[in-house]
Amino acid sequence: MISKSMAALVMGSLVFSASTACAQIVNTTEGHVSGSTVGGSSSWLGIPYASPPIGDLRWRPPQAPQAWWGVRPAHQFSPACMQSGVSMPGEPMPTIDEDCLYLNLWGPRDGRRNLPVMVWIHGGGYTNGSSALPLYWGDSLARRGVIVVTLNYRLGALGFLAHPELTAEAGTSGNYALMDQIAALKWVRSNISAFGGDPGNVTVFGQSAGAMAISMLMASPQAEGLFHRAIAQSGGAFEPVELAPGYLLVNAEQDGVAFAEAVGAASLAELRALPAERLLQSAGAISHPVIEPALMPRSPYEAYVSGAFMDIPLIVGANAEEATSLIDVSAVTAENFAADIRRSWGTLPPPLIEAYAFTDDVEAREARLMFDRDLRFGWNMWAWARLHAQHGSNPVFYYRFSHQPPFPAASAREGWGAAHFAELWYMFDHLDQEDWTWTESDRRLADTMASYWVNFASRGDPNDPDLPRWPAFETATGGDMLELKSEPSVISAPADPQLPVFDAIYDAVRGHPFSSPPRTRAE
């Protein structure tokens, strides 16, 4: 059975071109655009924020978009960037094209001015995803009094290739996807007032890889001043770089050389001449940011402990059952538990694996899910909250989403629970996109989460008198966090008992206690 959101994505532009009234014509720096009005919100879709990154512009910083004459219709989403999959299970493959650097905007139809701006960076493991996914539409949030922007950015090898020839050409390489995000934020700064937004009050928010990107933008000198608050959902990059040497430019360049050989290119010129589809066939290892001198001269962890991070109000958090939608544990047993982890992650320190106790196969499968949750998301978000509280002067609000949506039986989402991206239906206030058995508690939580997010974008504090109190996270008191469930409540951090074990392991790798300055670092 095709869900409402799946059908809407398949229909694509028709959703916004049929039975709509024309929204106001807006003048951007490149020309006029006309949008559409549906219900209580107006939208402008498929606006270019950069020139097509094709031909000689492949693997270069995004260039300014070309100006146009007349009024450009902004009624249809652009294709997603080149990819081989989809951003979440159960959704159809989007239309893709290398010409993909476009963004979309939503605002309240009453034309209010000087509104807070929320810029969404989608997830998808840096290899998949689309700003056109119906779940990401900003119409519901816009009706609450914000301008919502969603954007595409280059993915996989097209977004992250590092290569010696590219470095020789530009002084550095990699991070083209992050350059795209920065270019979109610069476009927002220059144009958002024409749509009713306040360029001095911009919040970036993102989930999974989008949240990881935010952790890197907050460590990038090139992003300084482009946003003023941040919300990161289930994604950060704070593990020791010693455990991920591929993130270092010199190693990423060698991965790029191997990639070029795999696709049959002997030079950068030959790489740029290949069809974009060819680059998808061997792109698995070329899908992560790079620590390099221009955009990301230090890791997010090093940026915090050296004081070179963006000190702004922050929301971070993760979900209680992140891994249920990401890995299949049906073959895990008490006997092969450690081997299954080794197959996925390589050799890890034994104390990390031994922290997850079980007595039978059922418990082993549950422990396997907890391990991936903590390794990929839980520890990163707890680490981020502590780093921001210890080194920043602005508050950080920390959450755990533990509510179980009514995912239908016999569907791709059966048994997920509070899984990776389960919070998105609530945070975007999009329950009505799905014909599921939503309850009053579901609707109340969606209203609460959307209110928290919009309040935070408005003034850097999610609270208001009509909502359960969400205290700022303070390490001096041990740290309180908000559990987002049917009735939100304050709990002590960390919510998951194995997370301190990661501290001990990572401290040993770094050679110093968590949040202490590294013994040596690039200045």
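Over the face of which residue does Arg-58 lie? Arg-58 lies over the face of Trp-59, at 5.5 Å from the ring centre. A charge is taken to sit over a ring if NZ of Lys or CZ of Arg is within 6 Å of the ring centre and within 35 degrees of the ring normal. Another such contact involves Arg-510 and Tyr-301. Here the charged end of Arg-510 is 3.6 Å from the centre of the ring.

The model is predicted: local features need pLDDT of at least 70, side-chain atom pairs count only at pLDDT 80 or more, and totals for chains, interfaces and linings use all residues. Residues are numbered from 1 along each chain as its sequence is written, and side-chain values use heavy atoms, with hydrogens and water left out.

Empty space was examined next. Rolling a probe the size of a water molecule over the atoms shows where empty space is left. The search used a 1 Å grid over the protein atoms alone. A cavity is a set of points where a 1.4 Å probe fits but cannot get out. A pocket is an open set with protein on both sides within 12 Å along at least five of seven lines. Lining residues have an atom within 4 Å of a point. Grid points are joined across faces, edges and corners, and a volume is the space filled by probe spheres set on the points.

The largest pocket holds about 1200 Å³ of space. It is lined by 44 residues, and Met-212, Glu-239, Tyr-247, Trp-345 and Arg-376 are the closest to its centre. Helix 7 (209–217), helix 14 (361–391) and helix 17 (499–510) are the elements that give two or more residues to this lining. Helices (H or I, at least four residues) and strands (E, at least two) are DSSP runs, numbered from the N terminus. By class, the pocket lining has 26 nonpolar, 16 polar and 2 charged residues. Ala, Val, Leu, Ile, Met, Phe, Trp, Tyr, Cys and Pro count as nonpolar, Asp, Glu, Lys and Arg as charged, and the others, Gly among them, as polar.

The whole structure has 4 cavities of 30 Å³ or more. The volume of the largest cavity is about 100 Å³. Its lining has 13 residues, with Ala-318, Gly-378, Tyr-398, Arg-400 and Asp-496 nearest the centre. Strand 10 (314–319), helix 14 and strand 11 each give two or more residues to this lining. Helix 14 gives the most, with 4 residues. The lining of the largest cavity has 8 nonpolar, 2 polar and 3 charged residues. The second largest cavity has a volume of about 60 Å³. Among its 10 lining residues, Phe-160, Ala-162, Ala-252, Ile-286 and His-288 lie nearest the centre. Helix 8 (residues 249–262) gives the most to that lining, with 3 residues.

Aromatic contacts follow. A pair of aromatic rings is described by the distance of the centres and the angle of the planes. Rings of Phe, Tyr and Trp (its six-membered ring) pair if their centres lie within 6.5 Å; planes under 30 degrees apart count as stacked, over 60 as edge-to-face and the rest as tilted. The structure holds 34 aromatic pairs. Phe-205 and Phe-428 form a tilted pair, 5.9 Å centre to centre, with 45 degrees between the planes. Phe-205 is in strand 8 (residues 197–207), while Phe-428 is in the loop between helix 15 (424–427) and helix 16 (440–459), 223 residues apart. Both Phe-205 and Phe-428 are buried. Buried means under 20% relative accessible area, exposed over 50%, partly exposed in between (1.4 Å probe, protein chains only). Phe-397 and Phe-456 form an edge-to-face pair, 6.3 Å centre to centre and 80 degrees between the planes. Phe-397 lies in strand 11 (residues 396–401) and Phe-456 in helix 16, so this pair ties together parts that are 59 residues apart in sequence.

The count of disulfides (cysteine sulfur atoms within 2.5 Å) comes to 1. Cys-81 is joined to Cys-100, with S to S at 2.1 Å. The torsion about the S-S bond is about 90 degrees, so the disulfide is right-handed. Cys-81 is buried at 1% relative accessibility, and Cys-100 is buried with a relative accessible area of 1%.

Backbone features close the account. A cis peptide bond joins Ala-493 and Pro-494, with omega about -5 degrees. Asn-114 has a positive phi, near 55 degrees, and is exposed, with a relative accessible area of 55%. Ser-208 also has a positive phi, about 60 degrees, but is buried at 12%.
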